[in-house]
Number of protein chains: 2
Amino acid sequence: MTRWLDEEERTAWLRLGGVLELLPAALDSQLRQDAGLTHFEYLVLAMLSEAPGRTLRMTALATRTNATLPRLSHVVRRLQERGLVDRLPCPEDARATNARLSEHGWSTLVASAPGHVDAVRRYVLDALTPEQVGQLAEIAGAVLQQLDPEGRFASTFTGRGPATAG
Amino acid sequence: MTRWLDEEERTAWLRLGGVLELLPAALDSQLRQDAGLTHFEYLVLAMLSEAPGRTLRMTALATRTNATLPRLSHVVRRLQERGLVDRLPCPEDARATNARLSEHGWSTLVASAPGHVDAVRRYVLDALTPEQVGQLAEIAGAVLQQLDPEGRFASTFTGRGPATAG
DNA sequence: CCGTGTTAGTTGTAGAGACAACTTTGTCGC
DNA sequence: GCGACAAAGTTGTCTCTACAACTAACACGG
């Protein structure tokens, strides 16, 4: 038997739904205008930039970006066509492909990072109290746990414990 | 000068990013499998079902679903082609179009609602304490305020005050 | 090593959204 | 009541994503 939502649950859910709809659109729009990148493309470049040798295997990159492999494959191909990443066969496993951030990709990322971080602050963090930032980390962590029980996309968990110890 | 994210902000943001990516996909997937609807299509039907006469003008429906008008126009046309809604010219304003939930649309919605609510519980609400549900409403409300300062999509605000009074 | 199954990734195709251009109707000043 | 501007939708095009089918390479039991 389905238990329906009470008033408070409904409010929380409707508002979350609004954020789910509007926030990605807002972030995409800012990055598109200022840098010619989608939010997802930005994320791909950012994750590569933090990897050793600015290089990751497709599967590892898919994990870090919460993406499926087919989606990532298309995106990386397009990024390569634009000269932002290189694709190299992996020496240790001939099935695998390494994606590496190119010099052009690096400078594109460096140029667009401030605007993106500003947008994240403007839309999310600046609207919250420090306490709420901690609560958000807890809540989002709990939801991720449901969405991804096996931890397939676990890169954003820094452990099962609270984001803010104590 | 851009202020970068500290550890706690970064954790919160990365986790929120994961939710933004995975939750819509999970909800879409459930509804597609069980009801042949996208989450957005479900929302359109649900909003119509709560309106007087199960009818809304396109603009009002766009507001309630956080959608742009072009997007809504395409979706409603497809829903009409599938017999789930009717489109009627508005008598009071010849520019306007009224979308009305059909009998078939109503029964489709009724049939798919329990599965959808269960999914919302499973992925989100059941993972949170009652206190966290309140916090989520506050946080999502604050973010929506940034995303939509003029209140264009304000239907999900039940006022500027806290979701949980007191 | 040979067959079976698994893993890594790519590709084809079809559907959904973004954005801009456009049509039609209403509104308002004069 | 005419002309200019705003509002309400629609449509076309292009891009991106999902899903499924596919290829190629590894693993490993016999």
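User: What makes the side chain of B:Ser73 a polar contact of a phosphate oxygen of DNA strand D?
Analyst: A polar side-chain atom of B:Ser73 lies 2.8 Å from a phosphate oxygen of DNA strand D. A polar contact is a pair of N or O atoms within 3.5 Å; within protein, one atom must be able to donate a hydrogen and the other to accept it, and residues adjacent in sequence count only if both atoms are side-chain atoms. The value of 2.8 Å meets the cut-off, so the pair qualifies. The model is predicted: local features need pLDDT of at least 70 and side-chain atom pairs pLDDT 80 or more, while totals for chains, interfaces and linings use all residues. Residues are numbered from 1 along each chain as its sequence is written, chains are lettered from A and ligands numbered from 1 in written order, and side-chain values use heavy atoms, without hydrogens and water.

User: How do you know which residues are around DNA strand D?
Analyst: A residue is near a molecule or strand if one of its heavy atoms lies within 4 Å of it. There are 20 residues around DNA strand D, and A:Arg71, A:Ala94, B:Thr59, B:Ser73 and B:Arg87 come nearest.

User: How many residues of the surface near DNA strand D are charged?
Analyst: The surface has 8 charged residues, next to 7 nonpolar and 5 polar ones. Asp, Glu, Lys and Arg count as charged; Ala, Val, Leu, Ile, Met, Phe, Trp, Tyr, Cys and Pro as nonpolar; the others, Gly among them, as polar.

User: Which side-chain distances to phosphate oxygens of DNA strand C are listed for A:Ser73 and B:Arg71?
Analyst: A polar side-chain atom of A:Ser73 is 2.8 Å from a phosphate oxygen, and one of B:Arg71 is 3.0 Å from a phosphate oxygen. B:Arg95 has a side-chain N or O atom 3.4 Å from a sugar or linking oxygen of DNA strand C.

User: Why is A:Asp93 called buried?
Analyst: Buried means under 20% relative accessible area, exposed over 50%, and partly exposed in between (1.4 Å probe, protein chains only). A:Asp93 has 16%, so it is buried. A:Asp93 is found in the loop between strand E2 (85–89) and strand E3 (97–101) of chain A. A polar contact of 2.9 Å joins its side chain to that of A:Arg95.

User: Are A:Cys90 and B:Cys90 buried or exposed?
Analyst: A:Cys90 is buried, with a relative accessible area of 5%, and B:Cys90, also at 5%, counts as buried. As for disulfides (pairs of cysteine sulfur atoms within 2.5 Å), the count over all chains is 0.

User: Why is helix H2 (residues 39–49) of chain B called largely enclosed?
Analyst: Of its 11 residues, 11 are buried, so the rest of the structure largely encloses the helix. Among them are B:Phe40, B:Tyr42 and B:Leu48.

User: What makes E1(A) and E3(A) a strand pair?
Analyst: Two strands pair if DSSP finds at least two bridges between them. E1(A) and E3(A) have 3 and run antiparallel, so they pair. The bridge partner of A:Leu56 in E3(A) is A:Ala99.

User: How do you know which strands of chain B pair with E3(B)?
Analyst: Strand E1 (residues 55–57) has 3 bridges to strand E3 (residues 97–101) of chain B, running antiparallel. Strand E2 (residues 85–89) of chain B has 5 bridges to E3(B), again antiparallel. B:Leu56 has B:Ala99 as bridge partner, and B:Pro89 stands opposite B:Thr97.

Methods
Helices (H or I, at least four residues) and strands (E, at least two) are DSSP runs, numbered from the N terminus.
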